[in-house]
Amino acid sequence: MITVATRVATFEQVSSVLHALAAFVTATRIYGADHPRGERALVQLRGLIDSLPDGTRVLADDAGLIWEGLPLGNSSAFAAVHACLRRREAAGLEFRAGGSFHTARWLASDGGGARPPADTIVLLDSLHEAVIHPHPELAERLPEFRESLALYDETVRGLESVMIAGGTQGVLDTDAIGRIARRVARSVCRHGLRVLAPIELLQQSTYTWRHSVNVFLIATGVLQSLARDEEELAAFAEAALLHDVGKAVIPEEILNKPGELTPGEREVMERHTEEGARILLAHRDLSRLCATVAYCHHMRDGGFGYPNPKVRMRPGPVTEVIQVADMLEALTGHRPYRAPMSFGAAVQTIRATPGMASRAAALDLLARTLGDLAPGANVRLDSGERATVVGPGASADAAQPIVRLTADRADQALGQTVLRDLSEAHPPRRIVARILPRAGVPDGP
Ligand SMILES: [Fe+2]
Ligand SMILES: [Fe+2]
């Protein structure tokens with residue numbers, strides 16, 4: 001983990017440095033240390049670091065630099081970052097390695113423990129970044145956002161420890177998996193799609209288990225309308241959580257490769273479906289649905305997708321929802337080799353994917369559930385203001401729900417909570433676009 005602790009730099013300044021750092025490391029990893037792209041990214045990073053106010057402290061833990069879950073290790077890229085940061089130190093920046101451990105521990109203990117110097121906390125890890133130093137846009141959504149974030153964080157850590165233990169011992173802690181699934185199913189039943197809020201923050205993550213958690217949360221939110229009760233939803237959720245469990249046996253360098261896979265690597269990667277089903281079938285206390293989802297979630301009609309089963313096998317409705325949730329998460333999330341898609345563009349891409357015609361019902365359900373009316377969706381109004389959807393309003397028009405305004409026309413975040421039924425505004429307002437989290441890209445064709 002790398003920690004940037006600052007006294008005087010703003011969130012935006014630190015955040016742009018971290019993005020530049022990630023761009024530099026990614027470019028260096030993909031194109032090599034001497035490639036002009038890496039050099040350009042380094043120049044940009046240096047410029048940004050130089051623009052930080054004096055007194056900003058950058059602390060990096062050289063034991064394991066991780067950007068959004070992507071382990072960067074002690075690569076030559078990291079050495080260059082070190083050099084870059086040290087140069088800035090000479091100009092008034094304090095840089096030291098190993099500082100993040102205490103900060104992380106303090107954050108993990110929620111204020112207790114070995115507390116780092118006051119007023120110096122901005123963490124790269126967006127989960128904690130949002131909690132400790134909330135962006136103005138997010139501050140307005142606290143504390144319910146904080147709650148969802150805690151659940152998300154707990155889920156990622158829970159799944160990660162199950163997978164790490166599963167990888168070393170070959171046995172999954174099915175009790176822990178059941179607990180995670182039941183907790184999220186309960187939360188979705190009680191609080192609706194609020195549980196999805198942290199996904200918006202974490203779209204840039206390429207970390208495998210975070211992808212699994214995102215798919216798990218999206219699918220659980222969508223599958224609520226197919227489940228008879230909370231217990232059944234928890235069973236569906238469990239299958240979603242484990243859909244990529246077969247990746248536990250895929251070599252790390254293929255799993256975390258920042259660029260696109262070669263045909264040979266792709267073949268190895270595609271084995272995660274069969275491996276997943278094999279692992280899950282060996283656990284008698286898991287439902288058959290878990291193995292079916294793991295095996296079928298990349299299948300498509302007409303010989304597209306994989307694996308190609310010897311017997312005719314079709315995914316059922318639950319698997320279909322998990323499959324489209326999986327594709328949505330992958331398309332709207334950040335990948336080092338392409339920009340994230342907007343929600344609308346991703347839905348259209350899935351619809352147009354060969355062999356996906358029979359998944360139309362699942363895709364419609366997903367689009368309806370997570371569409372503009374879904375509570376928590378960030379939207380742009382025809383007035384130019386930004387808002388978060390709270391729930392259906394008095395009007396039957398889907399574009400006129402009750403919203404919470406988050407920013408005025410000039411894109412300035414609002415300090416106080418303003419709720420508005422769009423049909424009762426003067427003049428009445430409508431949603432004109434859904435704002436893609438983080439990237440801020442409006443939905444388009
Ligand atoms: Fe998969
Ligand atoms: Fe997946």
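1. Asp411 sits in the loop between strand S9 (402-407) and S10. Helices here are DSSP runs of H or I with at least four residues, strands are runs of E with at least two, and both are numbered from the N terminus. Phi of Asp411 is near 70 degrees, a positive value in a residue other than glycine. Asp411 counts as exposed because it has 12 C-beta neighbours inside 10 Å. The cut-offs: buried means 20 or more other C-beta atoms within 10 Å of the residue's own, exposed means 12 or fewer, and partly exposed is in between, with C-beta atoms placed from the backbone.

2. On provenance: this is a predicted model, in which local features need pLDDT of at least 70, side-chain atom pairs count only at pLDDT 80 or more, and totals for chains, interfaces and linings use all residues. Residues are numbered from 1 along each chain as its sequence is written, while chains are lettered from A and ligands numbered from 1 in the order in which they are written.

3. Overall make-up. The protein chain has 18 helices and 11 strands. Of its 445 residues, 42% count as buried. Take the contacts between residues at least 6 apart in sequence: 66% join residues at least 24 apart. A contact requires C-beta atoms, placed from the backbone, to lie within 7 Å.

4. Two cis peptide bonds deserve a look. One joins Tyr306 and Pro307, with omega about -10 degrees. Pro307 is in the loop between H15 and H16. Another joins His426 and Pro427, with omega about -5 degrees. Pro427 belongs to the loop between strand S10 (413-421) and strand S11 (431-434).

5. Helix H15 (residues 288-296) and helix H16 (residues 317-332) meet at an angle of about 45 degrees, their axes 10 Å apart. Axes are lines fitted to C-alpha atoms, for helices over the stretch in contact, and angles run from 0 to 180 degrees between N-to-C directions. H15 and H16 are therefore oblique to each other. Under 35 degrees would be roughly parallel, over 145 roughly antiparallel, 65 to 115 roughly perpendicular, and the rest is oblique. Leu289, Thr292, Val293 and Cys296 in H15 meet Val318, Thr319 and Ile322 in H16.

6. Next, the nonpolar core. The term covers buried Ala, Val, Leu, Ile, Met, Phe, Trp, Tyr and Cys residues joined through C-beta atoms within 7 Å. The largest core has 67 residues, of which Val184, Ala219, Ala237, Val321, Ala325 and Leu366 touch the most other members. Helix H10 (residues 208-223) supplies the largest share, nine residues. A second, separate core of nine residues includes Ala377, Ala387, Val403 and Leu405.

7. Helix H11 (residues 230-241) has 12 residues and reaches 16 Å from its first C-alpha to its last, close to the 16 Å expected at 1.5 Å a residue. The expected span is 1.5 Å times one less than the number of residues. Nine of the 12 residues of H11 are buried, so H11 is largely enclosed by the rest of the structure. Among them are Phe236, Ala237 and Glu238. Beyond its neighbours within four places in sequence, Ala237 is in contact with Ala181, Val184, Ala185, Phe216 and Thr220.

8. Finally, Val156, in helix H7 (residues 144-169). Val156 counts as buried because it has 22 C-beta neighbours inside 10 Å. Leaving aside neighbours within four places in sequence, Val156 is in contact with Trp209, Arg210 and Val213. The C-alpha atoms of Val156 and Val213 are separated by 6.3 Å, though the residues are 57 apart along the chain.

How values were computed: Two residues are in contact if their C-beta atoms, placed from the backbone, lie within 7 Å.
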